[in-house]
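Take a moment to turn the model around on your screen before you read on. This report will walk you through it step by step.

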Amino acid sequence: MIRFYALGGLGEIGKNLYVLEKDGKILVLDCGLKFSDVPGVDFLLPDFSYLEKRAKDILGLFLSHGHEDHIGGVPFFLQKVKLPVFGSRLSLELVKANLGSRATEYEFVEVKAGESQKLGPFKLDFVEMRHSIPEALGLYVETDEANIFFTGDYKIEVAPVSGKPTDFKALASIGERGVDFLLADSTNAEPAMMWNGGASAGDCLTEQQVYELLAKEISESSGRVIVSTFASHIDRIQQILKIAEKEERSVAIEGRSLIRNLKIAEKLGYLDGLGHRIVTSQTLESLPREKQMIIASGSQGEPLSALVRISSGIHKRVRLERGDKVIIAAYPIPGNERAVTDVINSLLYKGAEVRFIHSSGHPCTGKDHQLIMLNLIKPKYLVPIHGEWQHLVGHAEIGKRAGLPGENIFLLENGDVLVYEKEEGQPRVKKHGIENVGALIVDGILSKVEAAVAIKERMKIGSEGVVIVEAIFDEEQRAWLVDTVMLGVVTDSSQSSVSQTLNGLITRMLNENPPSDQKEIEQRIASTVKDYLKGMNQYPEVVVRLNSI
Ligand SMILES: [Zn+2]
Ligand SMILES: [Zn+2]
């Protein structure tokens, strides 16, 4: 029996974690994180609790490539489940850099495109894919019951600026060997008629066009150029360094993760020998402005990032001046649009010119990339993965255009289990077959992982405020004393009168009609507060603390 399900990545962009099971043996595909727009939450992780319970059945973890939405959860997952990690050299280097000194405790298996591995009931073939980071791999999985192809993230690239074009031959030969299930990247797909009767073509630039635009903007600039992109977007950084070389600009790097990733990229030979263009910030400052270039983190408007600090004038070294040009070479990830818009506004206000130049590393729907993949792989069944619901539905439509019957396309949510038994024929879906597919949150420098319920509380407190009631039982007087503190519930001026009213209501309730046990006391205090504030249209979180003297 084959089972496929996701603990993250379906109905969302981020925290990709897919699971393939064959007769109870498990292969995990990717283990990523998701950036969070919840106040105070750094990022979200898939809930690993189901896999923790199944730890002894897990044979390994395959990493398709080194982006955070595919590898960012690995350090946390490895703490819970020990297992060998398979991936390309670059993916593994990035994971190890994340693990730091703990990296030696775990087993890493470096694999290359074109190689095969046997892992229990799975035969694995690693396939080169084009994406915005080198060494991205697709995975062809053969079992005695069904064959599966997992694309990882990909785009179709025929004339890349560096590296090789899409390996159509390898993909077509997998199609020839036979694919039952295609698990494929849905990013950028959308229902064809959703916008203005199909007006949006979902078109995108080629990498060559992006490179030419970047080169033009940089060469036309007579001031300093700041380019902001993802730390893991190594292809884009290669292009920027190439242009810096041509324009004889020196480059300073601002942002910790950028510096770390560039070290790894240089070690593995991905800076095309252009590492000498990189100088310290001090050296850069001593050069004329038209010779200066900065690659800065913060393309998503992340609060503490270099670009945000530059735009708000609090960066230690970099001061914006009129005539500086800022090129944002990344799209906002859904959820980050507001933060990115704020950065753009501050940059423009300070007199900088702002440009957006980017092309997605994912399939370009307007150029039929998903359709091309379907035609090469010729699967019997399609499972759209890696996308919000609009992308998954859009991808399903493309599947139909490729000639797949609707019942052979499976729109799954995180936790739904697709079950296939050869003698049964048609696969079936067990809705919500896996429970606990919420998120874990990672919060602050302590990397404290909490259950998602904490997020809900935090959001409630953030939007509705909090009331803290302290009730003290005076043993001598045999009476209750109550004090209420409110944050973000009512205006400052009405604060004390509302508190007094609440204190009075609670004290009377407790003294006149004493509840029997502690739990009941807490519940009745909370409902007294809630009932009263409901009349004022306020629905805060209520915290009750009991004490006695
Ligand atoms: Zn990616
Ligand atoms: Zn991804």
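## The chain as a whole

What you see is a predicted model. The protein chain has 549 residues, and buried residues make up 54% of them. Its C-alpha atoms fill a box of roughly 85 × 70 × 55 Å along the principal axes. If you trace the secondary structure, you will come across 16 helices and 26 strands.

The domain assignment gives three parts to look for: domain 1 (2-194 + 362-454), domain 2 (207-356) and domain 3 (465-548). Notice that domain 1 is written as two stretches, 2-194 and 362-454. Between the C-alpha centres of domain 2 and domain 3 there is a distance of 53 Å.

Which residues hold the zinc ion (ligand 1)? They are His65 (NE2), His67 (ND1), His131 (NE2) and Asp153 (OD), at 2.1 to 2.3 Å. Written as a sequence pattern, the spacing of these donor residues is H-x1-H-x63-H-x21-D.

Why is the arrangement around the zinc ion (ligand 1) called irregular? The angles subtended by the four donor atoms run from 91 to 169 degrees, and this range makes the arrangement irregular. For comparison, four donors count as tetrahedral if all angles lie between 85 and 135 degrees.

The zinc ion (ligand 2) has its own set of donors: Asp69 (OD), His70 (NE2), Asp153 (OD) and His386 (NE2), at 2.1 to 2.2 Å. Here the four donor atoms make angles of 88 to 160 degrees, and the site is irregular. The sequence spacing of the donors reads D-H-x82-D-x232-H.

Asp153 bridges the zinc ion (ligand 2) and the zinc ion (ligand 1), and the two ions lie 3.4 Å apart. Asp69 is in helix α2 (residues 68-71) and Asp153 is in the loop between β12 and α5, so this pair ties together parts that are 84 residues apart in sequence. Asp69 is buried, and Asp153 is buried too.

Now find helix α15 (residues 492-512) and helix α16 (residues 518-534). Their axes come within 10 Å and cross at roughly 140 degrees. That angle makes α15 oblique to α16, since angles over 145 degrees would count as roughly antiparallel. The crossing of α15 past α16 is right-handed. In general, the angle between the axes and the distance between them are what describe two packed helices.

Helix α15 also contains Gly504. With 29% relative accessibility, Gly504 counts as partly exposed. From the C-alpha atom of Gly504 to that of Glu435 is 44 Å, and these two residues are 69 apart along the chain.

## A few residues to look up

Most residues other than glycine have a negative phi. Asp23, however, has a phi near 45 degrees, a positive value in a residue other than glycine. Asp23 is placed in the loop between β2 (17-22) and β3 (25-29). Is Asp23 buried or exposed? Its relative accessibility is 52%, so Asp23 counts as exposed.

Asn436 is not a glycine either, yet its phi is positive, at about 55 degrees. You will find Asn436 in the loop between β21 (428-430) and β22 (439-443). Its relative accessible area is 44%, which means that Asn436 is partly exposed.

One last stop is Lys242, in helix α7 (residues 234-247). Lys242 counts as partly exposed because its relative accessibility is 31%. Along the chain Lys242 and Leu271 are 29 residues apart, and their C-alpha atoms are separated by 8.8 Å.

Conventions
Residues are numbered from 1 along each chain as its sequence is written. Chains are lettered from A and ligands numbered from 1 in the order in which they are written. This is a predicted model: local features need pLDDT of at least 70, side-chain atom pairs count only at pLDDT 80 or more; totals for chains, interfaces and linings use all residues. Side-chain values use heavy atoms; hydrogens and water are left out. Domain bounds come from an automatic or database domain assignment. Donors are N, O and S atoms within 2.8 Å of the metal (3.2 Å for Na, K and Ca); water is not among the atoms, so sites may look incomplete. Four donors count as tetrahedral if all angles lie between 85 and 135 degrees; four count as square planar and six as octahedral if opposite donors are over 155 degrees apart and all others between 65 and 115; anything else is irregular. Axes are lines fitted to C-alpha atoms, for helices over the stretch in contact, and angles run from 0 to 180 degrees between N-to-C directions. Helices (H or I, at least four residues) and strands (E, at least two) are DSSP runs, numbered from the N terminus. Angles under 35 degrees count as roughly parallel, over 145 as roughly antiparallel, 65 to 115 as roughly perpendicular and the rest as oblique. A crossing is left-handed if the near helix is turned anticlockwise from the far one by less than a right angle, and right-handed if clockwise. Buried means under 20% relative accessible area, exposed over 50%, partly exposed in between (1.4 Å probe, protein chains only).
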